[in-house]
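Have a look at the model first, then read on.

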Amino acid sequence: MKHSTRLITGVGALAVTALALAGCSSGGSTDSTDSADSGDLTPVTLQLQWFSQAQFAGYYAAVDQGFYEKEGLDVTILEGAADIVPIDVLTGGDADFAISWVPKVLGSIEQGAAVTDIAQIFERSGTTQISMKDENITTAADLKGKTVGSWGYGNEWELFAGMGKAGVNLADISLVSQAFDMNGFLAGDIQAAQAMTYNEYAQVLESVNPATGELFTPDELNVIDWNTEGTAMLQDAIWADSDRLADDADYADTAVKFIKASIEGWAYARDNPEEAATIVTESGSQLGESHQLWMTNEVNKLIWPSTSGVGTINQDQWDQTVEIAMDTPNETGATVITEEPPATAFSNEYVEKALAELKDEGVDVMGADFTPIEVTLKEGGE
């Protein structure tokens, strides 16, 4: 049985998507009164990093397929926005868990936020730098002398680390503040533009090449992959309140249940990408159907196959992220952090319990046989 989706309009123009289990209220706290009102399900609120889209398909699928309900949870999903910092929502007590990139949260932790990465859902980075084939930009070293776009806002560190590793200084490029779209790139104002594999790269492939009158194709583009360049940083993770984990046994137990159901949702998105994309579209996402399917497929590539079981924080990847965060300056000379984060910054304790239960139930948490599907993008992502 599928579960209902409804859109709640909040203060001002901010809209949040609340996914309420059928017949249950969608409270945003975990007090006993709310639990009783929701049929003995524990209300849980998840704050996303961005608007509703297939970047978060596993969580939407977990609601739709009843995986959270099976674990005794009534989950409400709150959309993000440009002016929403997920960790602030979490530490402010307005969410129980949050999705955010590790380097962005490391800075918050150094400033005093008591939060813990309890499940590293994305094992690979989706950030790239793309260029037209005739620019001959295939590695970070080739950025020298080029106009290079960057979104900033904490998205720049892999680019700067890759340039530094290749011996390219900021003085060697023309750094352009890139909008969160590909208009500057398509207009020729940016030679190498920042693009997520699951979003902005697709935006280019959904656009008509004026030279051919047809949509752009992958063979007309070059892609710098920071995973290949060796400067990838950990991205989408599930974050929890460190103090609540330590002091509240019920919250710690809920964390395990939430991780478990979320991973089952991601396994569903892996095995049923078309259905998962439709679930997200029906949640209220404004993206087109072909773009949503592309995103689901590309996000799956960041998760599957898993090295140690989905959600596990691999020490080598964590260490690389922390090292870049400490040692890579941006255009202002600032680094993400100035010292090692505390031991509470991540923990595999909760995800290991969740994975053990999922394995016992026959859920494939490794995805060793994962094969991406072929997605045909349409103009404008429709």
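How are α11 and α15 oriented to each other? They are oblique to each other, where oblique is what remains after roughly parallel (under 35 degrees), roughly antiparallel (over 145) and roughly perpendicular (65 to 115) are taken out. Bear in mind that this is a predicted model, where local features need pLDDT of at least 70 and side-chain atom pairs count only at pLDDT 80 or more, while totals for chains, interfaces and linings use all residues. Residues are numbered from 1 along each chain as its sequence is written, and side-chain values use heavy atoms, with hydrogens and water left out.

**Helix packing**

- Helices here (H or I, at least four residues) and strands (E, at least two) are DSSP runs, numbered from the N terminus.
- The axes of α11 and helix α15 (residues 349-360) come within 8 Å and cross at roughly 55°; axes are lines fitted to C-alpha atoms, for helices over the stretch in contact, and angles run from 0 to 180 degrees between N-to-C directions.
- That α11 and α15 crossing is right-handed, meaning that the near helix is turned clockwise from the far one by less than a right angle.
- On the α11 side the contact (heavy atoms within 4.5 Å) includes Val-256, Ile-259 and Ile-263, and on the α15 side it includes Val-351, Leu-355 and Leu-358.
- The residues of that α11 and α15 contact split into nine nonpolar, no polar and four charged; Ala, Val, Leu, Ile, Met, Phe, Trp, Tyr, Cys and Pro count as nonpolar, Asp, Glu, Lys and Arg as charged, and the others, Gly among them, as polar.
- Helix α2 (residues 57-64) and helix α11 (residues 249-271) have axes that come within 7 Å and cross at roughly 100°, so α2 and α11 are roughly perpendicular to each other.
- Among the residues that meet here are Ala-57, Gly-58 and Ala-61 in α2 and Gly-265, Trp-266 and Ala-269 in α11; by class, the contact has eight nonpolar, three polar and no charged residues.
- Helix α12 (residues 273-282) packs against helix α13 (residues 289-303) at an angle of about 120°, with their axes 9 Å apart, and the crossing is right-handed.

**Pocket and cavities**

- The largest pocket has a volume of about 1,100 Å³; on a 1 Å grid over the protein atoms alone, a pocket is an open set with protein on both sides within 12 Å along at least five of seven lines, a cavity is a set of points where a 1.4 Å probe fits but cannot get out, and lining residues have an atom within 4 Å of a point.
- Volume means the space filled by probe spheres set on the points, with grid points joined across faces, edges and corners.
- The largest pocket is lined by 43 residues, and Gln-49, Trp-50, Ala-81, Ala-82 and Lys-104 lie nearest its centre.
- α5 gives the most to that lining, with six residues, and the lining as a whole divides into 23 nonpolar, 15 polar and five charged residues.
- There are two cavities of 30 Å³ or more, and the largest cavity has a volume of about 70 Å³.
- The lining of the largest cavity includes Gln-120, Glu-123, Ile-303 and Gln-317, and by class it has three nonpolar, eight polar and one charged residues.

- Trp-304 and Pro-305 are joined by a cis peptide bond, with omega about -10°; Pro-305 sits in the loop between α13 and α14 (315-327).
- Asn-136 is not a glycine, yet has a positive phi of about 55°; Asn-136 is in the loop between β7 (127-132) and β8 (147-150).
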